[in-house]
Amino acid sequence: MIQRVKYPVGQQSFPKLRKSGCVYVDKTQYIPELLWTSSFIFLSRPRRFGKSLLLSTLYYSYPRA
């Protein structure tokens, strides 16, 4: 039997993505490099290409004061 893969199309919340069992490519090891190597970040990606999910991942990756 072929197992169906769920893709997180339109998913913008990191916690919901992790709980839903969708495919997720973990690239969190690149977050420190992204945050500490530049003073401004411009995200020029197409629509529905994970910009909001990236920001949600950043928000939940670091503890808040």
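Which element of the protein has the lowest mean pLDDT, and which the highest? In this predicted model, the lowest value among the elements belongs to helix α2, residues 31–36, with a mean pLDDT of 80. Helix α1 has the highest, at 84. For the protein as a whole, the mean pLDDT is 79, and 98% of the residues reach 70 or more.

**Helix α1 and K19**

Helix α1 spans residues 14–20 and includes K19. This residue counts as exposed because its relative accessibility is 76%, and the cut-off for that class is over 50%. Along the chain, K19 and W36 are 17 residues apart, and a distance of 29 Å separates their C-alpha atoms.

**The largest pocket**

The largest pocket of the model has a volume of about 850 Å³. Its lining consists of 24 residues, and those that lie nearest the centre are R45, F49, G50, L53 and L54. Helices α2 and α3, the latter covering residues 51–61, each supply at least two residues of this lining. The largest share comes from α3, which contributes five residues.

| Class of lining residue | Number |
|---|---|
| Nonpolar | 13 residues |
| Polar | seven residues |

Notes: Residues numbered from 1 in each chain as written. Predicted model: local features only at pLDDT ≥ 70, side-chain atom pairs only at ≥ 80, totals over all residues. Heavy atoms only, no water. Helix = DSSP H or I, 4+ residues; strand = E, 2+ residues; numbered from the N terminus. Buried < 20%, exposed > 50% of the residue type's maximum accessible area, 1.4 Å probe, protein only. pLDDT = per-residue confidence, 0-100. 1 Å grid on protein atoms, 1.4 Å probe; cavity = no way out; pocket = protein on both sides within 12 Å on 5 of 7 lines; lining within 4 Å. Points joined across faces, edges and corners; volume = space filled by probe spheres on them. Nonpolar A, V, L, I, M, F, W, Y, C, P; charged D, E, K, R; others polar.
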